[in-house]
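Please examine the sequence and the structure shown here.

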Amino acid sequence: MPQLLRLKYNKQLAVGTIAAGGALGTMIPPSIVLIMYGVTAGVSTGELFKATLLPGLLLATLYMIYIYVLCKLNPDHGPALPESEVLSFSEKIKTLKNLIGPGLIALWVLGSIYGGICSVTEAAAMGCIATFVVLVKRRMLTSDSLKSALLETLQTCGKLFWLSLGATALIGIFNIMGGSRYLSGLMQGLPYSPMVIVIIMMVILAILGMFMDWIGILILTMPIFIPIIKSLGLDPVWFGVLFCMNMQISFISPPFGPACFYLKSVAPKDVSLMDIFRGVIPFIILQVIALAIVMMFPDIALWLPSALKQ
């Protein structure tokens, strides 16, 4: 952000790009949103990882087209880099050397998943090994860093386990009392097509996303929605991609929009919260368009998992 503002980029375009680009992390494996959805819905996390690749690229492409067209129509929104700061090709290559280690780790993890070599859990272990090797190679492995990594892992897993335990207990009681059957019958009894029911679910998720964290939304809705999706003959993997895309909207949609508040906490003082909210609105519209495209054309999400199986 400091570099974009220093080069006189439009303030709202800069903050909107950063917030929306950061939210893309939910679509790029390994995504904790997909992992938690897979556990809750009882579907393969590996299939979800494969299914989100093309929708994630679709979103990124829409963002790039929007930024390109906007800057073409109004060059002041994204001025060119001054000649004095333009790097030669060799200088650009030199600046990439520090990315070799992280790049190899990502390639090792994702390649093992998409190549069918490892399951998601095994790929996580392979990622730990690759990270360990890179740290040893760079002489950055210390007892303090190892202790900190292990402690943070235990804290994260502990929170997720307790959330999962609480959700399981809550939904178990809900099902015993017949709540799931009632809601399933209610939704299926609506005089609408399955796609209209999915749209209603997306609207519910979008409204909840304006006020709740994605974990709370997942625990509250998915045990109810997934049986309905299956009873309608729809693919829960495809619905998981829709859920993930919907949660991207929630990350930057006011008034909750956690990504907006994260950005405000590190932004310069002259960047107000309203600047951030105004900057993310075009990207929210693009996210809704992408969500609608994947809803209308499920093969965007389902083609890659099917192709890799064959």
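This is a predicted model: local features need pLDDT of at least 70, side-chain atom pairs count only at pLDDT 80 or more; totals for chains, interfaces and linings use all residues.

Residues are numbered from 1 along each chain as its sequence is written, and side-chain values use heavy atoms, without hydrogens and water.

The whole structure holds four aromatic pairs (Phe, Tyr or Trp rings, the last by its six-membered ring, with centres within 6.5 Å; planes under 30 degrees apart are stacked, over 60 edge-to-face, the rest tilted). Two of them are tabulated.

| Pair | Centre distance | Plane angle | Class |
|---|---|---|---|
| Tyr63 and Phe283 | 5.3 Å | 75° | edge-to-face |
| Phe261 and Phe277 | 6.1 Å | 80° | edge-to-face |

Tyr63 lies in helix α5 (residues 53-73) and Phe283 in helix α15 (residues 273-296), 220 residues apart; helices are DSSP runs of H or I with at least four residues, numbered from the N terminus. Tyr63, with 5% relative accessibility, is buried (under 20% relative accessible area, with exposed over 50% and partly exposed in between; 1.4 Å probe, protein chains only). Phe283 is also buried, at 1%. Ring pairs join Tyr63, Tyr66 and Phe283 into a cluster.

Phe261, at 38% relative accessibility, is partly exposed, whereas Phe277, at 12%, is buried.

The buried residues of α11 include Ile197, Val198 and Met201. Seen down the axis of α11, its buried residues fall within an arc of 145° (taken from the directions from the axis to the C-beta atoms), so they line one face of the helix.

Note on methods:
Helices (H or I, at least four residues) and strands (E, at least two) are DSSP runs, numbered from the N terminus.
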